[in-house]
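Here are some notes for a colleague who is opening this structure for the first time. Please read them with the sequence and the model side by side.

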Amino acid sequence: QLQLVESGGGLVQPGGSLRLSCAASGFALDYYAIGWFRQAPGQEREGFLCIDNGGHVTNYADSVKGRFTSSRDGARNTVYLQMNDLKPDETAIYYCALRSRRGLRFMCSTSPSPGVYDVWGQGTQVTVSS
């Protein structure tokens with residue numbers, strides 16, 4: 001069974017930084033692209049970034065370009081999301097997810113739609129506030 005576990009959320013001041021982790025349990029994350037999503041209160045879940053199995057990052061949202069990036073650590077079986085210059089309207093629950101279907105799992109989807117991903121972590125709360 002594929003399981004993802006996010007961590008690293010918390011309270012940060014506007015302009016601050018956080019690094020989220022997405023760890024895999026029971027399987028090698030190296031073979032999978034990881035999509036990053038967030039869901040603010042009362043809003044739909046939004047996909048904003050993906051990292052493929054080779055470490056190439058795709059930004060789906062112009063709002064995060066130049067501020068958010070992702071990286072992989074194979075030894076720790078973990079993918080990271082580095083978020084810089086955070087803004088109050090980025091307060092949300094942040095999720096990582098993957099596509100488990102063979103043939104799709106290693107590449108980022110051309111669509112940021114949450115519906116194309118089928119394995120999700122539990123989410124981690126990020127609050128940006130002074």
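This is a predicted model: local features need pLDDT of at least 70, side-chain atom pairs count only at pLDDT 80 or more; totals for chains, interfaces and linings use all residues.

1. Asn 77 sits in the loop between β7 and β8, and its phi is near 55 degrees, a positive value in a residue other than glycine.

2. Thr 78 belongs to strand β8, which covers residues 78–83, and with a relative accessibility of 9% Thr 78 also counts as buried. A polar atom of the Thr 78 side chain lies 2.8 Å from the backbone oxygen of Arg 76. Leaving aside neighbours within four places in sequence, the residues in contact with Thr 78 include Ser 21, Cys 22, Ala 23 and Leu 29, as well as Ser 71, Arg 72 and Asp 73.

3. Strands β7 and β8 pair in the antiparallel sense over six bridges, and Val 79 in β8 is the bridge partner of Arg 72. Both strands belong to an open sheet of four strands, ordered β1-β3-β8-β7 with antiparallel pairing. The edge strands of this sheet are β1 (3–7) and β7 (68–73), each of which pairs on one side only, and the twist from one strand to the next averages 20 degrees.

4. Asp 85 deserves a separate look, being found in the loop between β8 and β9 (92–98). The phi of Asp 85 is near 50 degrees, a positive value in a residue other than glycine, and Asp 85 is partly exposed, with a relative accessible area of 36%.

Notes
Residues are numbered from 1 along each chain as its sequence is written. Side-chain values use heavy atoms; hydrogens and water are left out. Helices (H or I, at least four residues) and strands (E, at least two) are DSSP runs, numbered from the N terminus. Buried means under 20% relative accessible area, exposed over 50%, partly exposed in between (1.4 Å probe, protein chains only). A polar contact is a pair of N or O atoms within 3.5 Å; within protein, one must be able to donate a hydrogen and the other to accept it, and residues adjacent in sequence count only if both atoms are side-chain atoms. Contact means heavy atoms within 4.5 Å. Two strands pair if DSSP finds at least two bridges between them. Axes are lines fitted to C-alpha atoms, for helices over the stretch in contact, and angles run from 0 to 180 degrees between N-to-C directions.
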